[in-house]
Amino acid sequence: MPRQAPQIREAVPSDAESLLGLWSVTVRSNDTSPRSISDAENALATLVAEPDSRMLVAEVEGEIVAAVQLTRGPISPLVLESALHTSFLLVDPQHRRRGYGHALMEAAVSWAEEKDVAQITAISDPARDTNRFLARLGLAPMAHVRHTTTAALRKKLSSDRGRSAHGGNRHLVQVLAQRRSMRRREGTE
């Protein structure tokens, strides 16, 4: 199939159903997906109103085939310099390797330049192809992003606290005893 130049535009609330469809065929986990079309419409309306965020879509023949979220913010908690954070770069599997992700990243760079932002980050899914694509564009690893629910993390933290209260001290006592024993041996030899 010949490549068709996509129209890159900002997503609007009426794109919610198409974006949910794109999300469902590209994202492995549904934990972070919007729960309904109305949720997605509200989220897109919020993005449209936010001057430092936007969702861009690549559209071919009226069909959304790719999307990326852009957010301008500090590059790290202790640095005032802004960065453009790209996330959720999604390309429909049937439309991959046609330059649509590349076109979205070009639009992201243009927006960064328009906003006088000199740094760009990309939060990506763990898929090898996505990470290779970003590496070819010159984006180096900076951090890992992990995800869970609040309830799952609370449960894990509670069980870890209980375990460390009972077994954690025993391990520390054993390590200290081994160190004392080694120092005694070193001092007598």
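Which element gives the most to the lining of the largest cavity? Let's find out with the viewer open.

**Before you click.** This is a predicted model, in which local features need pLDDT of at least 70, side-chain atom pairs count only at pLDDT 80 or more, and totals for chains, interfaces and linings use all residues. Residues are numbered from 1 along each chain as its sequence is written, and side-chain values use heavy atoms, with hydrogens and water left out.

**Stop 1: the cavity.** Select Thr 86, Ser 87, Leu 89, Met 105, Ala 122, Ile 123, Ser 124 and Leu 134, which line the largest cavity. A cavity here is a set of points, on a 1 Å grid over the protein atoms alone, where a 1.4 Å probe fits but cannot get out; lining residues have an atom within 4 Å of a point. Its volume is about 30 Å³, counted as the space filled by probe spheres set on the points. Now the opening question: β4 gives the most, with three residues. Helices (H or I, at least four residues) and strands (E, at least two) are DSSP runs, numbered from the N terminus. By class, the lining has five nonpolar, three polar and no charged residues. Nonpolar covers Ala, Val, Leu, Ile, Met, Phe, Trp, Tyr, Cys and Pro; charged covers Asp, Glu, Lys and Arg; the others, Gly among them, are polar.

**Stop 2: Thr 86.** Stay in strand β4, where Thr 86 is found. Thr 86 is buried, with a relative accessible area of 3%; buried means under 20%, exposed over 50%, and partly exposed in between (1.4 Å probe, protein chains only). Leaving aside residues up to four places away in sequence, its contacts include Met 105, Ala 122 and Ile 123 (heavy atoms within 4.5 Å).

Stop 3: Next, select Ile 123, Ser 124, Asp 125, Pro 126 and Thr 130, the closest to the centre of the largest pocket among its 46 lining residues. A pocket is an open set of points with protein on both sides within 12 Å along at least five of seven lines. About 1,600 Å³ of space lies in this one. Colour α4 too: its eight residues are the largest share of the lining.

**Stop 4: the aromatic pair.** Finish with Trp 23 and Phe 88, whose ring centres are 5.2 Å apart with planes at 35°, so the pair is tilted. Rings of Phe, Tyr and Trp (its six-membered ring) pair if their centres lie within 6.5 Å; planes under 30 degrees apart count as stacked, over 60 as edge-to-face and the rest as tilted. Trp 23 lies in helix α1 and Phe 88 in strand β4, so the pair ties together parts 65 residues apart in sequence. Trp 23 is buried at 12%, while Phe 88 is partly exposed at 38%.
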